[in-house]
Amino acid sequence: MDVFKVGNDLTLDTLNRKVVKNGDNIPLPELSYRLLKVLVENAPNIVTHDQLIEAVWKERVVSDENLKKRVSRLRESLSDTYSEPKYIVAERGMGYRCIAPVAKVMSSEGNNNNDGADSQSTSSNKRSISRLPVVSFLALGLLAIGTILFLIFNLQNESPFNQRNEDLSYKAAQYYFKYTEKDNDTAISLYQDAIDSAPEEASNYSGLADAYLQGYWHYGKNETWLELGKKYAEKAVLLDDNLAWSHKSLGLAYYLSGQFENSIASFNLARQIEPNWGEVSAYTSLAHIQLGHLIEAHKLATSAVELDPGNPLTNASLGELYRQSYRFSAAEEQFKETLNKEPNSLISRLFFSEYLLASGRHIEAISLLREVIKKEQYSQQAHWLMGMALLIDTQTEESINEFAEASRLGGRYSLPAKVYLAALKMDSSKLTDLGEQVAELKFNGNQWAELTFLEGIVLMANNQTERATEKFKLAVTEGFTPTYRFTHLPVSSSVATSNRFNRLLNLIESKNRGKMPKRIPPTT
C-alpha cells in the first residue's frame, strides 16, 4: 500500500484508505474512493471508460452515464471544477486522467537498511537483544493505537448509512436505465429510500426527478408526475448548484413543459459543468429545434453523437434534426443506423415513425407503431402518432380509438389528442373548453408551437374559418410546418380547399425549403 502526494494540497493514503486535503479528512464514498485511487495510480496517463468501470464497479454492469455522474460527485468532494480543473479532466471520447502532479511519498515495499550489519560488535548485538522485549512492547502498543485510529476513521467514513445510500443509489440507477415502466417505478421507490437515507444528497433528487419525468414522457403518467419531476429537480439544484445532473433534470422538466428557453438555459449550465456529456447536448438540440434554431441545433446534435456515439438518444436527436431540417435522406439513414444498433429504443422508433408520416409513408408508420404499442402499451406518443397515421389512411373510427387512448394516458400529447378527439366527434362544447386550456398554457409561458395550431383547429371546428386560417398562419410563423398536419385536419371545412388555404400550404413549403442547409460558394 502506498501514500501519494497529489498536487500541493491532497494526500491519498491507500494503506489507511484516507484522503486528506489541506490537513482536513475528506470522507469519500467507496465508489468515489476507488475512482480517485485508479486515476492517481495511473497519473498522468488516460484511464479509459471501460478500465474505470472495471476498477470502480468490479463485476457490476453499468453505463457510461453512471461513470459520468460518479466523476461529477468526486469532483464535488474535492472542490474541483470542469472549467478550471485541478485534479481530473475528461479526455473527449477516451476517458479521464489526473492532471495534478503525483508523487509517491511512502511505500509498503520500503527497503530495509542493512549496510554495516556485519560489522556490528557482539556487545552491540547483545544490547539489542536485551532491548528486544521493550521494543516489541512499544511496537505492539503503537500497532494497537494505529488499529484503533484506523477503525475510528473507517467507521466515520464507511458507516452503514453511507454504504446503504451508495447501494440504493446504484440499484435505482440500474433500474432506471432498463427503460421499462415497471423498472422505472422500482427506480422511484429506491431513490425515495436513498433520499430517506441521505436527505442532503443532490444526486438522489436528480435521479428521482429523471424517473418521474421519464414516466410522464414515455409511460403515460399524468401531469402530477411532471410536477414532481420539476419539484425534485429544483431541490437538486438548490442542494448542489455545481452538479450537472441537477441542471440536466431541471432542463428536461422545462422541455416537457414547453418552456424551451428556460430548458436551454438549464441545459447550458449542465454543459458548462460537464462539457463532454453528450446526452445533455442532445437534449439542448431538441429544445433549439422547437424554437426553430436549426443551425445551433445542428451543431449540438452532431457534437452529441461525437461525444456519445453509442447512446440512442444522441443518435435519434440527430435524426430528428435532419427531419426538421427537411433533409429526409439524411434523416432516414440516421434513423436506420440508430435502430440497427438499438432496435428497441423507444425514442428512436417514435422519431422514425413521425419521419415516416412526414415523408408520406403512413402505411409503414402504422406497421412500425403497431410493433411499438405491442411492446410499449402505455406510450402515449405512440398512440398519438398511430391516431395521426390512421386519420391519414381515412380509418376514422380506428383513429378515434387511438386518440381516445392517448387522451386517457398522461404525457405531453394529452391536449392535442383531446382536441383531435373532440373535433372528430364534432363536440363544440368540449372544443371550447379545450381552447381555453390551450390559451392558459400559452399565457403561462408554454412555447410549444403545436398549441397555436390547436387553436386553429378549435376555431375551424366552430366554423370561425377566417380566424382559424390566421391562427394556422401564426403557427407556421412560430415554426410549426409539418405539411401532413395541415393536409389531414380532423375537421371537414370548405376552407381547406380555398385559395387562401392553398396560399398557406405554399407558405409552409417555402418555410420548409428555407430550413434546408444552403451551399455557400467559396470565397475568392
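Tutor: The second largest cavity has a volume of about 40 Å³, a volume being the space filled by probe spheres set on grid points joined across faces, edges and corners. On a 1 Å grid over the protein atoms alone, a cavity is a set of points where a 1.4 Å probe fits but cannot get out; a pocket is an open set with protein on both sides within 12 Å along at least five of seven lines; lining residues have an atom within 4 Å of a point.

Tutor: This is a predicted model, where local features need pLDDT of at least 70, side-chain atom pairs count only at pLDDT 80 or more, and totals for chains, interfaces and linings use all residues. Residues are numbered from 1 along each chain as its sequence is written, and side-chain values use heavy atoms, with hydrogens and water left out.

Student: Which residues line the second largest cavity?

Tutor: Its lining consists of Lys68, Lys69, Ser72, Leu243, Ala244, Trp245, Glu274 and Trp277. Helix 3 gives the most, with three residues; helices (H or I, at least four residues) and strands (E, at least two) are DSSP runs, numbered from the N terminus.

Student: What is the volume of the largest cavity?

Tutor: The largest cavity has a volume of about 170 Å³. Of its 14 lining residues, the closest to the centre are Asn66, Arg70, Arg73, Ser169 and Ala173.

Student: How much space lies in the largest pocket?

Tutor: The largest pocket holds about 950 Å³ of space. Among its 33 lining residues, Phe177, Tyr179, Asn311, Pro312 and Ser345 are the closest to its centre. Helix 7 supplies the largest share of this lining, four residues.

Student: How are two packed helices described?

Tutor: Two packed helices are described by the angle between their axes and the distance between the axes. Axes are lines fitted to C-alpha atoms, for helices over the stretch in contact, and angles run from 0 to 180 degrees between N-to-C directions. Here the axes of helix 17 (residues 380-392) and helix 18 (residues 396-408) come within 8 Å and cross at roughly 160°. Helix 17 and helix 18 are therefore roughly antiparallel to each other; angles under 35 degrees count as roughly parallel, over 145 as roughly antiparallel, 65 to 115 as roughly perpendicular and the rest as oblique.
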